[in-house]
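This report describes selected features of a protein model with its ligands. The sequence and the structure are shown first.

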Amino acid sequence: MNKEPIILGIESSCDDTSAAILKGKKILSNEIANQEVHTIYGGVVPELASRAHQQNIIPVVDTAIKKANIKKEDIDAVAFTNGPGLLGSLLVGSSFGKSFALGMNIPMITVNHMQGHILAHFIDEGKVIPTFPFLCLTVSGGHTQIVKVKSTNSMEIIGTTIDDAAGEAFDKSAKLLGLPYPGGPLIDKYALKGNIDAFKFGKPKVNDLDFSFSGLKTSILYKIQNNIQKNPKFIKENIEDLCASIQHSIVTILIEKLEKAILKTGIKELAIAGGVSANSYLRNELKLLSQKKSYKLHIPKFEYCTDNAAMIAIAGYFKYLDNDFAKQCETPRASLTF
Ligand code: KG4
Ligand code: ZN
């Protein structure tokens, strides 16, 4: 049998610079440099993100190689995210990947970021992996999709958001509450002690399997504005209940559509992926639902929920097996789909 390929994965689509080394389906290292620079701006500033990627990329790759205890000559292929994402950010990782492939005379592989999130489930860590076909609720800062995953290289988006993504809904709601970016994890934290029924917000009416979150944001804004007029300390005094109610609204929208997709497709094998899949309430509610309805549910490890290069490396591994290599003329695309 041929030796297991060693893949260098690179992720730079948004505000995390990450490099991972994968041997076969096993992770040898997974380095991530977060960018603190955006916190004071309340969101990712694209120009600052691409500059930070430029500073981080070489040290992050160097550390990943050292921690994996390999030499750069041992790497068989380099896989990098070529979209969707911020173009300036994608350009840093893809330019590095292309140069590395050229310099080392090895093949390169382009990876769709959202497919990377989904394929993170196949990283070998002794866990039960999903069987095909399965439905993946892919929820991040930029996307909200229900994906019918037929194989590692055949996926169909059967539902998507018509406006904001679920992560955006978390982050924008958090901003309305005066919480720093990214607000999703903070809402999760405060919600632990809150009452999910304390506040009610408008529910979107969207056809079929699509999502909408912009109405919810407006509903939250009005609720806060009305209450602050009566009590200037409204947010501070109700932060836990507000977070629990907002989180409950977002998660309910996600789960209702996922259930609709299960009914429509008859597929009862489920997975979640993307940054929002780190949300404890979403994870728990889906676990309870799956127990009740005998669905098979796959939940990623926390470290593979938010952006990381291990997921890009595993997606690269499957393309490597398919001999699906990219050429030097490849360019990243901000709104890449599949
Ligand atoms: O996948 P990701 O790291 O980056 C993108 O591809 O966008 O997702 C980032 C998103 C952010 O909106 C962040 O607030 C959200 O994931 N997020 C969470 C949690 N952890 C990260 N949202 C809710 N609860 C969490 N625990
Ligand atoms: Zn992501």
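## Sheets, metal site and ligand contacts

An open sheet of five strands, with mixed pairing, has the order E8-E7-E6-E9-E10. Its edge strands, each pairing on one side only, are strand E8 (154–160) and strand E10 (296–298). Direction ignored, neighbouring strands of this sheet are turned by 25° against each other on average. The model is predicted: local features need pLDDT of at least 70, side-chain atom pairs count only at pLDDT 80 or more, and totals for chains, interfaces and linings use all residues. Residues are numbered from 1 along each chain as its sequence is written, chains are lettered from A and ligands numbered from 1 in the order in which they are written, and side-chain values use heavy atoms, with hydrogens and water left out.

Helices (H or I, at least four residues) and strands (E, at least two) are DSSP runs numbered from the N terminus, and two strands pair if DSSP finds at least two bridges between them. Strand E9 (residues 269–273) pairs with E10 in the parallel sense over three bridges; Leu-270 has Leu-297 in E10 as its bridge partner. Helix H7 (residues 234–265) lies across strand E6 (134–139), strand E7 (144–151), E8 and E9, and runs at about 160° to E6. Contact here means heavy atoms within 4.5 Å. Axes are lines fitted to C-alpha atoms, for helices over the stretch in contact, and angles run from 0 to 180 degrees between N-to-C directions.

Strand E1 (residues 6–11) is largely enclosed by the rest of the structure, because six of its six residues are buried. Buried means under 20% relative accessible area, exposed over 50%, and partly exposed in between (1.4 Å probe, protein chains only). Ile-6, Leu-8 and Ile-10 cover one side of E1, and Ile-7, Gly-9 and Glu-11 the other; all are buried. The pairings of E1 are listed below.

| Partner of E1 | Sense | Bridges |
|---|---|---|
| Strand E2 (residues 16–23) | antiparallel | six bridges |
| Strand E4 (residues 77–83) | parallel | four bridges |

A hairpin of four residues joins E1 to E2, and Ile-10 stands opposite Ala-19 in E2. In E4, Ala-79 is the bridge partner of Gly-9.

Which residues coordinate the zinc ion (ligand 2)? The donors are His-113 (NE2), His-117 (NE2) and Asp-307 (OD), at 2.0 to 2.1 Å. Donors are N, O and S atoms within 2.8 Å of the metal (3.2 Å for Na, K and Ca); water is not among the atoms, so sites may look incomplete. The donor residues are spaced H-x3-H-x189-D in sequence. His-113 and His-117 both lie in helix H3 (residues 113–119), four residues apart, about one turn of the helix, and both are buried.

An N or O atom in the side chain of Asp-171 is 2.6 Å from an oxygen atom of ligand 1. A polar backbone atom of Gly-275 is 3.0 Å from an oxygen atom of ligand 1, and a backbone N or O atom of Asp-307 lies 3.0 Å from an oxygen atom of ligand 1.

Methods
Polar contact = N/O pair within 3.5 Å; in protein donor to acceptor, adjacent residues only side chain to side chain.
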